[in-house]
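Please walk me through this structure in the viewer, one selection at a time. For each stop, tell me what to select and what is there.

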Amino acid sequence: MSGHPAGREATVAVLVLPLVIALVVLSFAWPAGRTAPRDVPVGIVGTGAASQHAVEGLVREKPGAFDFHLYPDQQAAWSAIENRDVYGALAISAHDITVLTAPTASTSVAQLLGEVGQQLADRAAQQGAAGTGPSAKIHVTAVDVVPVAAEDPRGVVFSSAVFPLTICGILIGAFVSTARGLRRPWHRLLTLLVACAVAGLGAYLVAQGFLGALPHDHVATWAVLSLVLISISTTAAGLVRLLGQAGLGLSAALMVFVGNPFSGAGSAPEMLPKGVDYVGQWLPPGAGAGLLRDTAYFDGNGGSGHLAVLALWSVCGFTAVMFGRRITGRAPGAKTGATASGASLSSLPTSDAASPDRRHAHAHAHAHARRNDDDG
């Protein structure tokens, strides 16, 4: 049955497509279902007895959850948060716990640190009631070092923007790479750049102008949105130039089914399973989400690595768009075929009356060869 076209199509529908769907569901559901802190950088203010007991308790209760950094005072921890060295900090004394958070870095981590601060206070109260510690009640104070925009208090607009950017980048790359009117590679490249810049402006006008979710560094934020689109669209267009229509499927699988769920845009890379966080940050959706956070809220601090990743994907995409057909050798093959067809037409025996048709066939073959030269 597999030798029949109908049998092959039935096999694809019954076996291959369900397997692909299962893998897609796994790629999205697995990271979301295994979200938990893993070596999340967190600051601890001071080296007193209360801080030491808190760290020891957290290490014992949540092994591997936090990567603690010690700071002498709250001002140093505050600066570390603004510089993207840590997600937040805990300032612990005998009577107070101050939780310094940055919801713009990750609302999930900010909520987690708030819960940790309350748990430490409750544990101290229980120890005081049992007579094993001070009986004074500990007050917990939460301070947002870098708060989110008032119009987007939960950061949902920001986290929701990554997936549409990924889809739009692939669509731009697919359209430009298959447009028949854009024959020369530099035509395609220029069109990609302009389209991504305009699309990035549109995304910014919606996210900030309409929803108010990106209130800082307007021009730089627009540039980051455009760069994210450029890195994705040039990759898609370059793969199409290298592999044909299979390149479009590969770029969609890489960016949508791997890059998007592994990006950590909805939580934080350190909240994803081990290995997933590294893969996601080396792909444009993850690097783009990180750079957008760094630019829109942290004055670009911590964004150099993300910028390098996006630049690397963009350069590789540019190279594939410009020289893809020459690398794969498709243009020379097309030229040879066209020239051979012209030669075969000229070798056919014709009468003198048919010579205009023969000259027309020669002209058509040479024009086809020139088009292939331009495309290469």
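A residue counts as buried when its relative accessible area is under 20%, as exposed when that area is over 50%, and as partly exposed in between. Buried residues make up 42% of the 376 residues in the chain. The model is predicted.

**Whole chain**

Begin with a cartoon view. The chain's secondary structure comes to 14 helices and five strands. If contacts are limited to residues at least 6 apart in sequence, 73% of them join residues at least 24 apart.

**Helix 1**

Select residues 5-33, which form helix 1. At 1.5 Å a residue, its 29 residues should span 42 Å, and the end C-alpha atoms are 40 Å apart, which agrees. Go to Val12, where helix 1 bends by about 35 degrees. Next colour Gly7, Ser27 and Pro31, the buried residues of this helix. Which helix do the buried residues of helix 1 pack against? Show helix 9: the buried residues of helix 1 pack against it.

**From Asp39 to Lys274**

Move on to Asp39, in the loop between helix 1 and strand 1 (40-45). Asp39 is partly exposed, with a relative accessible area of 35%.

Keep Asp39 on screen and select Phe66. Leaving out residues up to four places away in sequence, Phe66 touches Asp39, Val40, Val42, Leu112, Leu113 and Val116. In soluble globular proteins, nonpolar side chains tend to be buried together.

**Glu61 and Arg123**

Select Glu61 and Arg123. They form a salt bridge whose closest N and O atoms are 2.8 Å apart. Is each partner buried or exposed, or in between? Glu61 counts as partly exposed, at 46% relative accessibility, while Arg123 counts as buried, at 19%.

Now centre the view on Asp294, in helix 11 (residues 284-297). Asp294 is buried, with a relative accessible area of 0%. Its salt-bridge partner is Arg84, with the closest N and O atoms 2.8 Å apart. Arg84 lies in the loop between helix 3 (74-82) and strand 3 (88-92), so the pair ties together parts that are 210 residues apart in sequence. Check the backbone of Arg84 too: its phi is near 70 degrees, a positive value in a residue other than glycine. Most residues other than glycine have a negative phi.

His306 is buried, with a relative accessible area of 16%. Not counting residues up to four places away in sequence, His306 touches Gln281, Ala287, Gly290, Leu291 and Asp294.

**Asp299**

Select Asp299, in the loop between helix 11 and helix 12. Asp299 has a positive phi of about 55 degrees although it is not a glycine. At 64% relative accessibility, Asp299 counts as exposed.

**Cys168 and Cys196**

Finish with the cysteines. How many disulfides does a search of the whole structure find? The search finds zero. Select Cys168 and Cys196: the sulfur of Cys168 is 9.9 Å from the closest cysteine sulfur, that of Cys196, which is too far for a bond. A disulfide would need the two sulfur atoms within 2.5 Å. Seen from Cys196, the nearest cysteine sulfur is that of Cys168. Cys168 is partly exposed, with a relative accessible area of 35%, whereas Cys196 is buried, with a relative accessible area of 0%.

Note on methods. Residues numbered from 1 in each chain as written. Predicted model: local features only at pLDDT ≥ 70, side-chain atom pairs only at ≥ 80, totals over all residues. Heavy atoms only, no water. Buried < 20%, exposed > 50% of the residue type's maximum accessible area, 1.4 Å probe, protein only. Contact = heavy atoms within 4.5 Å. Helix = DSSP H or I, 4+ residues; strand = E, 2+ residues; numbered from the N terminus. Salt bridge = Lys/Arg side-chain N within 4 Å of Asp/Glu carboxyl O. Expected span 1.5 Å × (residues − 1). Bend = angle between axes of the 7 residues up to and from the residue.
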